Amino acid sequence: MRDRLTDRLYGLGWSTVKKLPEPAAAVLGRTIADIAWKRRGKSVLRLEANLARVVPDAGPERLAELSKAGMRSYMRYWMESFRLPTWSAERVTDNVQIKGAHRLTDAMASGRGVILALPHLANWDLAGVWVTRTLGIPFTTVAERLKPETLYDRFVAYRESLGMEVLPHTGGSAFGTLARRLRSGGLVCLVADRDLSASGIEVSYFGETARMPAGPAMLAQQTGALLLPVTLWYDEAPLMRGQIHPPVEVPESGTKAERTSSMTQALADAYATGIAEHPEDWHMLQRLWLADLDPRDEPDSTGQRIPQGEQA
């Protein structure tokens, strides 16, 4: 019943919010965010605890301000995402400004595959629409299988309607398909700042140990694709800005595991730069650092377990 209710609520969002006048949708988003923030639920407390690591000198009042702004930013993401199918290509072009876009377009023009790897900052779906509609570059991404299956289907249909090829995260075939797309000179976009499975790569993140996916670094090594970190942030609505950072190069020496670790750490460093500059736009409402995990949450030998009640 809970799964069906969740599916219906998301369905209501996609069917109703996109029909609202934009000012009404913005007010609705802020109202929901403020109510959630005042309730001080688990997600808000987790966001505040995460922000305490990003802004270590912030006192309780500053952290409260950041978490309130963070919840508003998070709800802006949802309000925008529900309405994105109605945005014209001209509107996307006018309201998304990305520094360093030449790093992507130059590589694509040369026929070299590209991996864009980014954290949970601002609106990654809007950034994807900018890639497909403004730059005219199709890309492939992956999506975690959600419960119920009908909700996962909604997300896949939504992102495919925005011009993305979406592969399921589970099942084992996604990596091979991504590699084939890259070898043929295609583009792959991955939100890649949290992986609590046994295959996650340990990185130093704001001074403590976290795990991040090995996939971007491994794909770059196996295919020769260019690996580009991306960070995003919100400006005054409806403007979103971003930066495509210099490429993460494959080290010339070391084992495969050592190269993967080094490249993943480089991604983490780029993410940290963007998050430190715009902490209110970091939508990390879940546990991330290993120090925050209950010992029972540690991955088993299959590497598939994540903390109960949280999505990867």
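Leaving aside its neighbours within four places in sequence, which residues is S81 in contact with? In this predicted model, S81 has a place in helix α4, and the residues that S81 contacts beyond those neighbours are W14, N123, D125 and Y158. S81 counts as buried, because its relative accessibility is 2% and buried means under 20%. The points below begin with the aromatic residues, then turn to the nonpolar core, the salt bridges and a pair of strands.

**Aromatic rings**

- A pair of aromatic rings is described by the distance of the centres and the angle of the planes.
- The count of aromatic pairs in the model comes to seven, and in one of these pairs the rings of Y77 and W124 have centres 4.6 Å apart and planes at 25 degrees, so this pair is stacked, given that planes under 30 degrees apart count as stacked.
- This pair links distant parts of the chain, since Y77 belongs to helix α4 (residues 60–83) while W124 belongs to helix α7 (residues 124–134), and the two residues are 47 residues apart.
- Both partners are buried: Y77 has a relative accessibility of 3%, and W124 has a relative accessible area of 15%.
- Y77 and W124 also belong to one aromatic cluster, which is formed by Y74, Y77, W78, F82 and W124.

**Charges over rings**

- The charged end of R76 is placed over the ring of Y234, at 3.7 Å from the centre of that ring.

**The nonpolar core**

- The largest nonpolar core contains 90 residues, and the members that touch the most other members are V114, L187, Y205, L232 and W282.
- Helix α4 supplies the largest share of this core, with eight residues.
- What does L187 contact, once its neighbours within four places in sequence are left aside? The contacts of L187 are L104, M108, V114, L116, V131, I137, P138, F139 and T140.

**Salt bridges**

- Side chains of opposite charge can pair when their charged atoms come close.
- In this model the count of salt bridges comes to twelve, and one of them joins the side chains of R72 and D34, with 2.7 Å from N to O.
- Are R72 and D34 buried or partly exposed? R72 counts as partly exposed, at 34% relative accessibility, whereas D34 is buried, with a relative accessible area of 15%.
- R53 and E208 form another salt bridge through their side chains, at 2.9 Å from N to O, and because R53 lies in helix α3 (residues 42–54) and E208 in strand β7 (residues 208–212), the pair ties together parts that are 155 residues apart in sequence.
- Within this pair, R53 counts as buried at 17% relative accessibility, while E208 is partly exposed, with a relative accessible area of 29%.
- R53 and E208 are also members of a network of salt bridges, in which they are linked with R46 and D292.
- The side chains of R241 and D235 meet in a salt bridge as well, at 2.6 Å from N to O; R241 is partly exposed, with a relative accessible area of 27%, and D235 counts as partly exposed at 29% relative accessibility.

**Strands β3 and β4**

- Why is strand β3 (residues 139–143) described as largely enclosed by the rest of the structure? Four of its five residues are buried, and the description follows from that count.
- Strand β3 is joined to strand β4 (residues 164–168) by five bridges, and the two strands run parallel.
- Within this pairing, T140 has E165 in β4 as its bridge partner, and T140 is also one of the residues in contact with L187.

**A residue in helix α11**

- D269 is found in helix α11 (residues 256–277), where D269 is partly exposed, with a relative accessible area of 42%.
- Although D269 and V203 are 66 residues apart in sequence, the distance between them in space is 9.1 Å, taken from C-alpha to C-alpha.

Key: Residues are numbered from 1 along each chain as its sequence is written. This is a predicted model: local features need pLDDT of at least 70, side-chain atom pairs count only at pLDDT 80 or more; totals for chains, interfaces and linings use all residues. Side-chain values use heavy atoms; hydrogens and water are left out. Rings of Phe, Tyr and Trp (its six-membered ring) pair if their centres lie within 6.5 Å; planes under 30 degrees apart count as stacked, over 60 as edge-to-face and the rest as tilted. Buried means under 20% relative accessible area, exposed over 50%, partly exposed in between (1.4 Å probe, protein chains only). A charge sits over a ring if NZ of Lys or CZ of Arg is within 6 Å of the ring centre and within 35 degrees of the ring normal. A nonpolar core is a set of buried Ala, Val, Leu, Ile, Met, Phe, Trp, Tyr and Cys residues joined through side-chain atoms within 4.5 Å. Contact means heavy atoms within 4.5 Å. A salt bridge is a side-chain nitrogen of Lys or Arg within 4 Å of a carboxyl oxygen of Asp or Glu. Two strands pair if DSSP finds at least two bridges between them.
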